[in-house]
Amino acid sequence: MGGTLPPPPTRYTAMTIRPLYISPVGRGGVDFGIQNITRAVRAAGLHPELLRLPEIYNFLPMLIPRAMPAGWWRGFDLLQGRSRVAFSFGVTGLPVVTTVHHLTTDPDLRPYSSFAQRLFYHLVEARYDGLSIAYADAVVCVSRFTQQQVERTYGRADSVIIFDGIDTDVFVPTPGLARRDDGLPPSAARVRLLFVGNRTRRKGFDLLPGIMDRLPPDYVLYYTGGFQGRDKGPPHPRMIPIGSPDRAGLVAAYQSCDLLLFPSRLEGFGIAPAEALACGRPVVTTNASALPEVVDDGLNGFLVARDDVAGYAEKVRVLGEDPALRRRFGEHGRAKVVASFGYDQLGGGFKALYSRLLGT
């Protein structure tokens, strides 16, 4: 087993909701999502516990109950996990909540997946998702787009939307939205772009060199290492890797750039754009999937047609050449994330859901 459960409380009162989150280590935004839920629910006055398990249980979730000690669920009120694993919790008899971040069955993902990935999605992950969505006592979707996908694909129409949450006390703008200079490697470039995500086609990483080719020579793009995709060195002379920063390093990177470039092809929510907006940085991203729910075109960023390299470059240049516009977009983006995607809505949403589910 990859984690140690705390002992059950010596005295339990029905007024205290104690969820157990079970999350095998993942690779990407989903992994950070469960940590955000834990923090937000704790801030809302509940007593959650997060149990991390080895990554292998993402692929063999039915083995999770066998890996746990006898009576491992005692002392908790409900269990929660992502849709890839939650179906395996039913043996406990406790209410089960599953969170759906995105569905790999989306046909829009097919052109950007390898044959091996498509085979895994169809034969394995789609079945796990379907079982969890069918048997969970409550299904939570992180966006309206994901909710529509769940109903269209699996026929479940009673899911609840609780947007992914951003810690707006950590992801904050600099005073006056000024660009700090110590959160990214040194560069003489006039305009600093940032890409945050895995080096995959789904995230649009393969589009970045073509976009940079269309931008002035004093534009530079910093990019994270992520967990997926092989790093063979910068694919463009004006692209600079920054590795995989921790949360503090990521905040510093957002605060040290001028805008986020995020040409992703498919997102169940869009954690990176929301984090950038929370830091007062405008976003150029894709007019597809859930991204228009996060980025308001012409207000806090620009939305571009999927795969439109010239379109991304054009909008990046509009923002790059207009500091006043960047500031206005940054102010709007910060206000939107605080109002719609902060920990208050995340923790409060789950607290209300649990109360209904448990009848408290």
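## Aromatic contacts

One aromatic cluster is made up of Phe195, Phe205, Tyr223 and Phe262. The model is predicted, and the count of aromatic pairs in it comes to 11. One of these pairs joins Phe163 and Phe269, whose rings are tilted, at 6.4 Å centre to centre and with 45° between the planes. Phe163 lies in the loop between β6 and β7 and Phe269 in the loop between β10 and α7, so the pair ties together parts that are 106 residues apart in sequence. Phe163 is buried, at 15% relative accessibility, and Phe269 is buried too, at 3%.

## Charges over rings

The charged end of Arg74 sits over the ring of Trp73, 5.7 Å from the ring centre. Lys315 lies over the face of Phe302, at 4.8 Å from the centre of that ring.

## Salt bridges

The count of salt bridges is 18. In one of them, Arg180 meets Asp182 with the closest N and O atoms 2.6 Å apart. Here Arg180 is partly exposed, at 28% relative accessibility, while Asp182 is exposed, at 58%.

Arg202 and Glu267 form a salt bridge at 3.5 Å, N to O. Arg202 lies in the loop between β7 and α5 and Glu267 in the loop between β10 and α7, so this pair ties together parts 65 residues apart in sequence. Glu267 is buried, with a relative accessibility of 7%.

Arg265 forms a salt bridge with Asp307, with 2.7 Å between the closest N and O atoms. Arg265 is in the loop between β10 and α7 and Asp307 in the loop between β12 and α9, 42 residues apart. Arg265 is buried at 3%, whereas Asp307 is partly exposed at 31%.

Technical notes: Residues are numbered from 1 along each chain as its sequence is written. This is a predicted model: local features need pLDDT of at least 70, side-chain atom pairs count only at pLDDT 80 or more; totals for chains, interfaces and linings use all residues. Side-chain values use heavy atoms; hydrogens and water are left out. Rings of Phe, Tyr and Trp (its six-membered ring) pair if their centres lie within 6.5 Å; planes under 30 degrees apart count as stacked, over 60 as edge-to-face and the rest as tilted. Helices (H or I, at least four residues) and strands (E, at least two) are DSSP runs, numbered from the N terminus. Buried means under 20% relative accessible area, exposed over 50%, partly exposed in between (1.4 Å probe, protein chains only). A charge sits over a ring if NZ of Lys or CZ of Arg is within 6 Å of the ring centre and within 35 degrees of the ring normal. A salt bridge is a side-chain nitrogen of Lys or Arg within 4 Å of a carboxyl oxygen of Asp or Glu.
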